[in-house]
Amino acid sequence: MKRLKYLFVFILPLGVYFAFNRQGWSTFSPIIFTFVLIPFLELFLKPDKKNFDQETMLKEKNSSIYDWILYLSVPIQLLMLISFLFVIELTPINSISYFGKVFAMGLLCGVLGINIGHELGHRSSRWEQFLGEVLLLTSLNTHFLPYHNEGHHREVATPDDAATAKKGQSLFSFWFTSHFGSYVKAWKIENNRMKRSGKSIFSFSNRMIIYSIANLVLLFGIYYYFDFKVLLAFILAAVIGILLLETVNYIEHYGLLRQKNESGRYERVKHWHSWNSDHQIGRLMLFNLSRHSDHHYKASKKYQVLESLPESPQMPTGYPGMMMLALIPPLWFSVMNKKLDQI
């Protein structure tokens, strides 16, 4: 039964489906659930720091149930996106319902599209990586994989990393530096990979070329089969998904820096170079992403066996609450700069 707890995340598409079939302010119910109700509950629920023992960890690591929960998210995300396109076509663009449904879809783009796309993108199987790419495409964020896997994990907690927020940097500034910085670096990574293999940077082996074509085909297809209003709604939903990702990036590494050793190289990534959260609902909603310190220590580790370790700096609450806190920079700096000074 404990293995099925991650099915809890699918309460979100159910809520979004409800929003798609409602009008008025009730279309914002998935947003209220995620960013009001969950943070409120996590104020009273104690973090769960328990880890599997070694024997149980090996058993859970090899259980295919955890993988199938991830795979299930792919058809659900695609069906929800198709539903969204048809629903938004019939929704007046100047209505509260239009924006409520766009935000609801954007939430799915962030949680199912990008977050699970991230988990699958770390897998060694090309099939699983492809599923991750499909999910990321639903948020127009396919460039995430080249930079995240080969750039962010190498450069994390250094000034070179586009996805590490500097101490004193506001969330709104970080949205731009992280997203566009990561995009540029993803191109550089793929172009360099092509040069090392003796291929043209315009080769179809260049993932950024394929991703760019896929994004354009998707955008054109939506415009062709629907209209500009629907295309605009999809782009807005994708942007919301991207901003959710960048907000998560912001809270995960804010102000943390690796030190340089005597040779001028940065020390190896350790558990104290990412903020950790063991708050239970946030962990379930994001497939243990909040145990981010262990994820960066060993990126190939599957989500179900990520550990909480005492040397990891701890967030005061779960991811949804921390994301809301980050939207108020003075309050964020007051809380998190004080925690940084204590490390």
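Predicted model: local features only at pLDDT ≥ 70, side-chain atom pairs only at ≥ 80, totals over all residues.
# Contacts, cores and enclosed spaces

Colleague: Is Thr 91 buried or exposed?

Modeller: The relative accessibility of Thr 91 is 3%. A residue is called buried when the value is under 20%. Thr 91 therefore counts as buried.

Colleague: How does His 273 compare with the cut-off: is this residue buried or exposed?

Modeller: His 273 is found in the loop between helix 10 and helix 11. Its contacts, leaving aside neighbours within four places in sequence, include His 253, Arg 258, Glu 267 and Arg 268. Because the relative accessibility of His 273 is 1%, the residue counts as buried.

Colleague: With which side chain does the side chain of His 273 make a polar contact?

Modeller: The distance of this polar contact is 3.5 Å. Side chain meets side chain here, and the partner of His 273 is Trp 272.

Colleague: Where does Phe 333 lie, and is its side of the structure buried, exposed or partly exposed?

Modeller: Phe 333 belongs to helix 14 (residues 329–342). Beyond four places in sequence, Phe 333 touches Gly 168, Gln 169, Ser 170, Tyr 250, Tyr 254 and Lys 338. With a relative accessible area of 21%, Phe 333 is to be described as partly exposed.

Colleague: Which residues have the most contacts inside the largest nonpolar core?

Modeller: In soluble globular proteins, nonpolar side chains tend to be buried together. The largest nonpolar core here has 70 residues. For Phe 84, contacts beyond four places in sequence include Phe 20, Val 102, Met 105 and Phe 234. The residues with the most contacts inside the core are Phe 84, Tyr 250, Ile 251 and Trp 332.

Colleague: Which helix gives the most to the lining of the largest pocket?

Modeller: The largest pocket holds about 300 Å³ of space. It is lined by 16 residues, and the closest to its centre are Leu 140, His 179, Tyr 183, Asn 215 and Leu 219. Two or more lining residues come from each of helix 8 (171–196), helix 9 (207–225) and helix 10 (228–253). With six residues, the one that gives the most is helix 9.

Colleague: How many residues of the lining of the second largest pocket are nonpolar?

Modeller: The volume of the second largest pocket is about 250 Å³. Its lining includes Phe 35, Phe 103, Trp 175, Met 323 and Leu 327, and helix 10 gives the most to it, with four residues. By class, one lining residue is polar and none is charged, while the number of nonpolar residues is 10.

Colleague: Which residues lie nearest the centre of the largest cavity?

Modeller: The structure holds four cavities of 30 Å³ or more, and the largest has a volume of about 270 Å³. Helix 2, helix 5, helix 7 (144–155), helix 10, helix 11 and helix 13 each give two or more residues to its lining. By class, that lining has 13 nonpolar, nine polar and one charged residues. Of its 23 lining residues, those nearest the centre are Gly 110, Asn 115, Val 248, Leu 286 and Leu 289.

Colleague: From which helix does the largest share of the lining of the second largest cavity come?

Modeller: The second largest cavity contains about 100 Å³ of space. Its lining has 13 residues, with Phe 144, Tyr 147, Ser 182, Glu 246 and Asn 249 nearest its centre; by class, four are nonpolar, eight polar and one charged. At least two lining residues are supplied by each of helix 7, helix 8 and helix 10. The largest share, four residues, comes from helix 7.

Definitions and conventions:
Residues numbered from 1 in each chain as written. Heavy atoms only, no water. Buried < 20%, exposed > 50% of the residue type's maximum accessible area, 1.4 Å probe, protein only. Contact = heavy atoms within 4.5 Å. 1 Å grid on protein atoms, 1.4 Å probe; cavity = no way out; pocket = protein on both sides within 12 Å on 5 of 7 lines; lining within 4 Å. Points joined across faces, edges and corners; volume = space filled by probe spheres on them. Nonpolar A, V, L, I, M, F, W, Y, C, P; charged D, E, K, R; others polar. Polar contact = N/O pair within 3.5 Å; in protein donor to acceptor, adjacent residues only side chain to side chain. Core = buried A, V, L, I, M, F, W, Y, C linked by side-chain atoms within 4.5 Å.
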